[in-house]
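Please look over the model shown here before reading the numbered notes that follow.

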Amino acid sequence: MKYIIFILFTVMTNAAAQLMLKQGMMSIGPISFEGANPLVKLLQIVFSPWVFLGLCTFVISMASHLYVLSKVELSFAYPFLSLAYVAVAIFAYFVFREDLNGWRIAGIACICVGTILIAQSGHEDQTASIAPDRTQASEIVR
């Protein structure tokens with residue numbers, strides 16, 4: 001559980017990136033490629049301030065996730081990313097006034113329960129479990 005802070009950082013930066021991308025696309029408006037060079041249009045989208053900031057935040061989130069994956073089992077870390085759905089739904093309700101109806105709340109509850117169950121399963125520090133195998137392998141080669 002000592003890597004939970006990094007896992008939650010990954011989740012929150014992932015959710016923040018989604019919110020920034022949404023803000024960016026709202027400021028751009030509906031996308032149309034009619035009469036426009038698709039590459040130029042794509043570059044305009046990517047380099048609009050909110051979209052660019054969202055993409056940069058995704059890079060930070062991915063770097064954090066890679067660090068986590070180097071420390072814990074994938075089957076433990078990856079399900080926590082579903083909490084980004086929870087954070088996005090809640091923040092979108094407050095920031096963008098998006099609908100948060102009973103079905104979405106029920107889905108959020110299921111995600112939370114599932115994540116709690118996975119967290120209770122524990123995990124193994126991969127670096128500790130890999131080291132003995134490397135030692136044995138190097139001794140066999142000698």
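1. Is phenylalanine 47 buried, partly exposed or exposed? With a relative accessibility of 54%, phenylalanine 47 counts as exposed, where buried means under 20% relative accessible area, exposed over 50% and partly exposed in between, with a 1.4 Å probe and protein chains only.

2. This is a predicted model, in which local features need pLDDT of at least 70 and side-chain atom pairs count only at pLDDT 80 or more, while totals for chains, interfaces and linings use all residues. Residues are numbered from 1 along each chain as its sequence is written, and side-chain values use heavy atoms, with hydrogens and water left out.

3. The whole structure holds five aromatic pairs, a pair being rings of Phe, Tyr or Trp (its six-membered ring) with centres within 6.5 Å, stacked if the planes are under 30 degrees apart, edge-to-face if over 60 and tilted otherwise. Phenylalanine 47 is stacked with phenylalanine 52, at 5.6 Å centre to centre and 25° between the planes, and phenylalanine 52 is partly exposed at 38%. The pair of tyrosine 93 and phenylalanine 94 is edge-to-face, because the centres are 5.0 Å apart and the planes stand at 80°. Ring pairs also link Tyr3, Phe6 and Tyr67 into a cluster.

4. The count of disulfides, defined as pairs of cysteine sulfur atoms within 2.5 Å, comes to zero. The sulfur of cysteine 110 has its closest cysteine sulfur in cysteine 112, at 9.4 Å, which is too far for a bond. Cysteine 110 is exposed at 58% relative accessible area, whereas cysteine 112 is partly exposed at 28%.
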